[in-house]
Amino acid sequence: MHQLENEKELLQRIAGSSQEAFKILHDHYARHVYGLALRLMKSPELAQDLTQEIFVRVWVKRELLSDIQQFRPWLNTISRNMALDYLRKKVAAPSNEEYMVNFFSDLTPSAEENLALKQLEGAIRQAVDQLSPQLKTAFTLSRFQGLTHMEIAQRMNISPITSKSHLVRALAIIRKYLEEHYPDIALVVILYLTPFFFN
């Protein structure tokens, strides 16, 4: 996607509450935002709703736009955060168990999604290489080999509680690495936290 011509000027106009300028921005980025939302939500209806909510958020925060140097990364951050907030609420609600089962059972991604997943897997493996030997072993046994904390504890001669601690610390380091080096990948957090990604 090419940057909008005179985008900085357009953002200034939106910051001044120009609805015409906002429509131009919306029309330029709506497909991009919808694609990010759809890849994560796996539902056209939910992705459409989220896309609308994201642009509502942009309008609400329009006064900030005049100070933004790179709009697309800023928009990606808002999109990612809103999508992940939505999914966290879905995950936390027992009534939505069926939704999550269906979400993670969709193992037939498009060619574009499959490429994105391969790129993300490579990014995660780079992040894993940043871990200390102990954390890397625990993470690899858990996420790549599917071992339980009890099995990891036996394999590494540590306690199950230590195994859990290792995994929490490893995930925190990986999350930070991915957010710093791959900020435009919207699926980063949710995918590396789930076994689905590593199947």
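Helix axes here are lines fitted to C-alpha atoms over the stretch in contact, and the angle between two of them runs from 0 to 180 degrees between N-to-C directions. With that in hand, we can turn to a model that is predicted. In this model, the axes of helix 1 (residues 7–15) and helix 2 (residues 19–41) come within 8 Å and cross at roughly 130 degrees. On the helix 1 side, the contact is made by Glu7, Leu10, Leu11, Arg13 and Ile14. Helix 2 answers with Glu20, Ala21, Phe22, Ile24, Leu25 and Tyr29.

Stepping back to the whole chain, the protein has 10 helices and 0 strands. Read from the N terminus, then, the elements simply go α-α-α-α-α-α-α-α-α-α. Of its 199 residues, 41% count as buried. The accessible surface comes to about 11600 Å², and carbon and sulfur atoms hold 51% of that. What about contacts between residues at least 6 apart in sequence? Here, 60% join residues at least 24 apart.

Helix 7 (residues 133–144) packs against helix 9 (residues 160–181) at an angle of about 95 degrees, and their axes are 9 Å apart. That makes helix 7 roughly perpendicular to helix 9. Helix 7 brings Gln134, Leu135, Ala138, Phe139, Ser142 and Arg143 to this contact. From helix 9 come His166, Leu167, Arg169, Ala170, Leu171, Ile173 and Ile174.

Ala47 lies in helix 3 (residues 44–60). Is Ala47 buried or exposed? With a relative accessible area of 0%, Ala47 is buried. Leaving aside residues up to four places away in sequence, Ala47 touches Tyr34, Ala37, Leu38 and Met41. Ala47 and Val33 are 14 residues apart in sequence, and their C-alpha atoms are 8.9 Å apart in space. The other alanine, Ala15, belongs to helix 1. Ala15 has a relative accessible area of 19%, and the cut-off for buried is under 20%, so Ala15 counts as buried too. Setting aside residues up to four places away in sequence, Ala15 touches Arg62, Glu63 and Ser66.

Most residues other than glycine have a negative phi. Ser17, however, has a phi near 75 degrees, which is positive. Ser17 is in the loop between helix 1 and helix 2 and is partly exposed, with a relative accessible area of 37%. Asn157 also has a positive phi, near 60 degrees. Asn157 is found in the loop between helix 8 and helix 9, and at a relative accessible area of 71% it is exposed.

Finally, how far does the predictor trust the model? The average pLDDT is 76, and 71% of the residues score at least 70. Confidence is highest in helix 8 (residues 149–156), at a mean of 91, and lowest in helix 10 (residues 188–192), at 43. Over residues 186–199 the pLDDT is below 50, yet beyond near neighbours in sequence this stretch has 42 contacts in the model.

Notes: Residues are numbered from 1 along each chain as its sequence is written. This is a predicted model: local features need pLDDT of at least 70, side-chain atom pairs count only at pLDDT 80 or more; totals for chains, interfaces and linings use all residues. Side-chain values use heavy atoms; hydrogens and water are left out. Helices (H or I, at least four residues) and strands (E, at least two) are DSSP runs, numbered from the N terminus. Buried means under 20% relative accessible area, exposed over 50%, partly exposed in between (1.4 Å probe, protein chains only). Contact means heavy atoms within 4.5 Å. Accessible areas come from the Shrake-Rupley method with a 1.4 Å probe; for residues, only the protein chains shown count as cover. pLDDT is the predictor's confidence in each residue, from 0 to 100. Angles under 35 degrees count as roughly parallel, over 145 as roughly antiparallel, 65 to 115 as roughly perpendicular and the rest as oblique.
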